[in-house]
Amino acid sequence: SPDFAATWPEALPLLRLGFGRDELGRTLPSDGATDPVTPLRRRHKLRDGRTFEIRESPLPGGGMLHLRTDVTDGQAQLDAQRAGSAAAKATLAVLDEALEALPAGVEIWGSDDRLIRCNQRVRELHPGTADMLRPGVSFADVARQSAALGQVPAAVGRESEWLAERLSSRGKLGRPFVMESGGRWLQIQEQRTPSGCIVATRQAVSELVGARHQLAPAKAQVA
């Protein structure tokens with residue numbers, strides 16, 4: 001066809017009846033790179049950077065019908081998408097490494113208050129709900145389960161009220177607060193981002209709280 005001739009002018013002297021398609025394939029310039037799609041459909045990249053999709057269909061009476069379509073622009077977009085996906089995966093891997101390197105528990109919750117990511121330290125601080133801490137779980141479900149398991153002394157006997165209070169203050173305090181959970185005291189800070197997500201940190205401070213409790217009677221006597 002005229003389009004074929006315009007695409008591969010160097011093949012014009014060879015295009016005659018009886019010329020084998022295998023010999024034609026060896027003659028046309030290529031960097032040898034192909035991206036198979038199906039046995040009768042593949043992509044072929046030329047040395048000049050153009051990419052063609054080649055479709056081959058057997059004819060009822062014998063022979064083969066070849067359709068060649070220039071898909072250079074589409075292939076470039078696909079390559080860019082693949083590169084972007086690879087870069088995104090690499091970035092997430094670095095983020096995970098950074099989270100795991102921190103001594104404090106770190107959580108990232110979406111604007112819908114569902115977990116996006118947390119490090120292993122968070123699971124260690126909350127063994128009762130560690131299995132729940134997977135992407136997509138809601139904070140309300142995790143807090144409710146903690147209260148139901150008796151992990152939060154302040155919630156015992158008033159689980160529903162405590163949960164409502166906890167959710168109402170979620171990400172609004174603007175300062176760290178201390179809470180007893182799972183037999184240890186934790187210092188928690190929740191910061192809401194401009195996009196509505198919540199980044200929270202948790203640190204065990206049981207020794208510090210215990211020391212303050214021990215000092216309290218002495219301070220009272222001095223007063």
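# A guided tour of the sheet and its salt bridges

Welcome! Across the protein the mean pLDDT is 80, with 73% of residues at 70 or more; pLDDT is the predictor's confidence in each residue, from 0 to 100. This is a predicted model, so local features need pLDDT of at least 70 and side-chain atom pairs count only at pLDDT 80 or more, while totals for chains, interfaces and linings use all residues. Residues are numbered from 1 along each chain as its sequence is written, and side-chain values use heavy atoms, leaving out hydrogens and water.

**Stop 1: confidence**

Colour the model by pLDDT. Helix α5 (residues 139-148) has the highest confidence, with a mean of 97, and strand β1 (residues 34-38) the lowest, at 46. Helices (H or I, at least four residues) and strands (E, at least two) are DSSP runs, numbered from the N terminus. Now select residues 30-39: pLDDT stays under 50 here, and the model has 20 contacts for this stretch beyond four places in sequence, a contact being heavy atoms within 4.5 Å.

**Stop 2: the sheet**

Next, show the strands β5 to β9. In what order do the 5 strands of the open sheet lie? They run β6-β5-β9-β8-β7, with antiparallel pairing; two strands pair if DSSP finds at least two bridges between them. At the edges are β6 (115-118) and β7 (177-181), each pairing on one side only. From one strand to the next, the twist averages 25 degrees, using axes that are lines fitted to C-alpha atoms and angles from 0 to 180 degrees between N-to-C directions.

Select β8 (residues 184-192) together with β9 (residues 198-204): 7 bridges join this antiparallel pair. Glutamate 190 has alanine 200 in β9 as its bridge partner.

**Stop 3: strand β5**

Move on to β5 (residues 105-109). Is this strand enclosed or open to the outside? It is largely enclosed by the rest of the structure, because 5 of its 5 residues are buried (buried means under 20% relative accessible area, exposed over 50%, partly exposed in between, with a 1.4 Å probe and protein chains only). In a regular strand the side chains alternate between the two faces of the sheet. Here Gly105, Glu107 and Trp109 are on one side and Val106 and Ile108 on the other, all of them buried.

Toward β9 there are 5 bridges, and isoleucine 108 stands opposite valine 199. Toward β6 there are 3 bridges, again antiparallel, with arginine 117 as the partner of isoleucine 108. The two strands β5 and β6 make a hairpin with 5 residues between them, and aspartate 113 in the turn has a positive phi of about 60 degrees.

**Stop 4: salt bridges**

Show the charged side chains. The count is 8 salt bridges, each a side-chain nitrogen of Lys or Arg within 4 Å of a carboxyl oxygen of Asp or Glu.

- Arginine 117 and aspartate 96 meet at 2.7 Å, N to O. Arginine 117 is in β6 and aspartate 96 in helix α3 (residues 72-101), so the pair ties together parts 21 residues apart in sequence.
- Arginine 202 and glutamate 107 have their closest N and O atoms 2.2 Å apart. This pair links β9 to β5, across 95 residues, and both residues are buried.
- Aspartate 141 and arginine 144 come to 2.9 Å between the closest N and O atoms. Both lie in helix α5, 3 residues apart, about one turn of the helix.
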